[in-house]
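Subject: Handing over the structure

Hello,

Here is the structure I promised to pass on to you. Have a look at it first, and then read on for what turned up in it.

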Amino acid sequence: MDGKIKKELLAIVGDGRFRDQQEDLLSYSYDAFTVESVPDLVLLPVSATEISEILKIASKYRIPVTPRGAGSSICGAPVPVKGGIVLSMTMMNRILETNTPDRYCIVQPGVINGDLQTELAKTGFFYPPDPGSMGFSTIGGNVAQNAGGPRCLKYGVTSDYVLGMEVVLASGDIIRFGSRNVKDVTGYRLFGLFCGSEGTLGVVTEITLKVIPQPAAYRTVLAVFNDLDDSAATVADIIGSGILPAALELLDKVLINAVEDANNIGLPRAAEGLLLIEVDGSEEQVEKELALIIEKTENNNAVDIQEARTPEERDKLWQARRSLYPSMARIKPNCIVEDATVPASKVPAMIRGIRSIVNKHELLVGISAHAGDGNMHPLISCDMRDLDEMERVEKAIEEIFTLAMSYNGTLSGEHGIGIAKRKYLPMSIDEPTLKFMHTLKHAVDPYGILNPGKAI
Ligand SMILES: Cc1cc2nc3c(=O)[nH]c(=O)nc-3n(C[C@H](O)[C@H](O)[C@H](O)COP(=O)(O)OP(=O)(O)OC[C@H]3O[C@@H](n4cnc5c(N)ncnc54)[C@H](O)[C@@H]3O)c2cc1C
């Protein structure tokens, strides 16, 4: 990047928030996917005004700008594939307001999801979206990816909780839409445009989120199966009967053992499938739903049902669920997490299909799923240096997506498209619709400077 342009940018953020040393640039060159690309510059802004000034310069000189939260994306979304500026949002990390009587909170984009949860827990309210990465991913990143998580089965995903936003456009214009009201139909619903836009349409600088009262009671159980198909059939049965648990997570034997090897939590190593099920609501509702769920698991040959008796036991089970990815990532140098999603009734067929595909290609794959909403996460253990293995991985991924499409599924339930899934988009989105998306992108970012090469 030209020294003159660097000087103009330095004048905006000052020395302490300007990084152009190689060791710094390398730190911003990757996420949790497999692609790396080094930016020319990293800037750490602290306000929408600074970002507006930066984007005006970037537009003038046609410099790519990639917003970045914690870099925990698993689809390459924050990797600066065309170089240019990485805009790290981590210094805009203040919770600006929590207002429980009016049921909202206002946050800067760099706030860590888990920090917001901890703050809200003191108020008796909560913010449901709980990605497995909640301990480190940012609300800005969650919004840009429209992140989900286990609780989203009952409570919905990030976009269901966004009430208002401040966004800086590529032109440098700062726009605000929505409000602090849980009901508001004034103007176009622009949240839908920016939630899931992967930093390609604007930089999110402030978010107003809906919060809801914590449920009075919850119960958490682990159902153990000697046959993975039985656990998958239980999922379809529970959802088909009209019960909506707060979470319904499935994991297979590969993952049970990976988690045990890494964490020694005490999961039953011999089991072929586990369901981690949580119900919440009033005492009475929880009691009733749990009884029905236990009946369904028994009808589908569960060999054991263990209930978490204390908050510590419950935390341990959730710790096991959240450690799937790091546990699998210890086995080989790389771990690719796929995200194909199908209607809940198709979960049993999808799991059988994934198993047959990965067996055919002789791959080591752990199957997990936010099973209640059909969101499959096969975790593919691999080594990028092994070209033969990577060819088989590619084939398996394409076959998994083709299978999901045959069940009226979708490419991504929550992880987004990034770089990883762009080439598969035509499987899911037809030509005129993709063209419309490109028209929208061009209208808000005519020079294509915002996170080029991603999402569409
Ligand atoms: C162990 C692990 C578990 C995970 N579990 C889940 C899960 O359960 N559910 C789930 O949905 N995802 C999950 N993920 C994926 C990832 O954590 C999410 O996509 C998360 O939302 C990314 O947030 P981040 O702050 O890391 O953003 P980044 O990875 O830094 O960025 C993600 C995208 O958001 C854009 N972006 C970031 N901030 C802004 C901003 N302020 N304005 C505009 N664009 C912005 C970036 O340009 C990029 O396109 C998991 C990842 C890991 C590593």
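Predicted model: local features only at pLDDT ≥ 70, side-chain atom pairs only at ≥ 80, totals over all residues.

**Domains**

The assignment divides the protein chain into domain 1 (3-88), domain 2 (95-213), domain 3 (215-326) and domain 4 (332-442). Between the centres of domain 1 and domain 3, taken over C-alpha atoms, there are 42 Å.

**Around the ligand**

Which domains each give at least three residues to the shell around the ligand? Domain 1 (3-88) and domain 2 (95-213) each do. The ligand is surrounded by 37 residues, and the closest are Gly 69, Gly 132, Gly 140, Gly 141 and Gly 199. By type, the shell holds 14 nonpolar, 18 polar and five charged residues. At least two residues of the shell come from each of β3, α5 (139-145) and β10 (203-210). Of the elements, α5 contributes the most, with five residues.

Is Glu 8 buried or partly exposed? Glu 8 has 15 C-beta neighbours inside 10 Å, so Glu 8 counts as partly exposed. Although Glu 8 and Ile 54 are 46 residues apart along the chain, their C-alpha atoms are separated by 8.8 Å.

**A hairpin and its neighbour strand**

Strands β5 (residues 95-99) and β6 (residues 104-107) pair in the antiparallel sense over four bridges. Thr 98 has Cys 105 in β6 as its bridge partner. The hairpin of these two strands has four residues between them, and in it Arg 103 takes a positive phi near 60°. β6 is also joined to β10 by four bridges, and these two run antiparallel. In that pairing, Tyr 104 has Lys 210 of β10 as its bridge partner.

**The seven-stranded sheet**

Another open sheet has seven strands, with antiparallel pairing and the order β15-β12-β14-β13-β17-β18-β16. At its edges stand β15 (304-307) and β16 (334-337), each with a single partner strand, so one side of each is left without a neighbour in the sheet. From one strand to the next, the twist averages 15°. Within this sheet, β17 (residues 364-370) and β18 (residues 375-382) pair in the antiparallel sense over seven bridges, and Ala 369 stands opposite Met 376 in β18. Helix α11 (residues 311-322) lies across β12 (217-225), β13 (247-252) and β14 (273-281), and runs at about 55° to β12.

Enjoy exploring it!

Best wishes

How values were computed:
Residues numbered from 1 in each chain as written. Domains from an automatic or database assignment. Near = placed C-beta within 6 Å. Nonpolar A, V, L, I, M, F, W, Y, C, P; charged D, E, K, R; others polar. Buried ≥ 20, exposed ≤ 12 C-beta atoms within 10 Å, placed from the backbone. Pairing = 2+ DSSP bridges. Axes fitted to C-alpha atoms, helices over the stretch in contact; angles between N-to-C directions. Contact = placed C-beta atoms within 7 Å.
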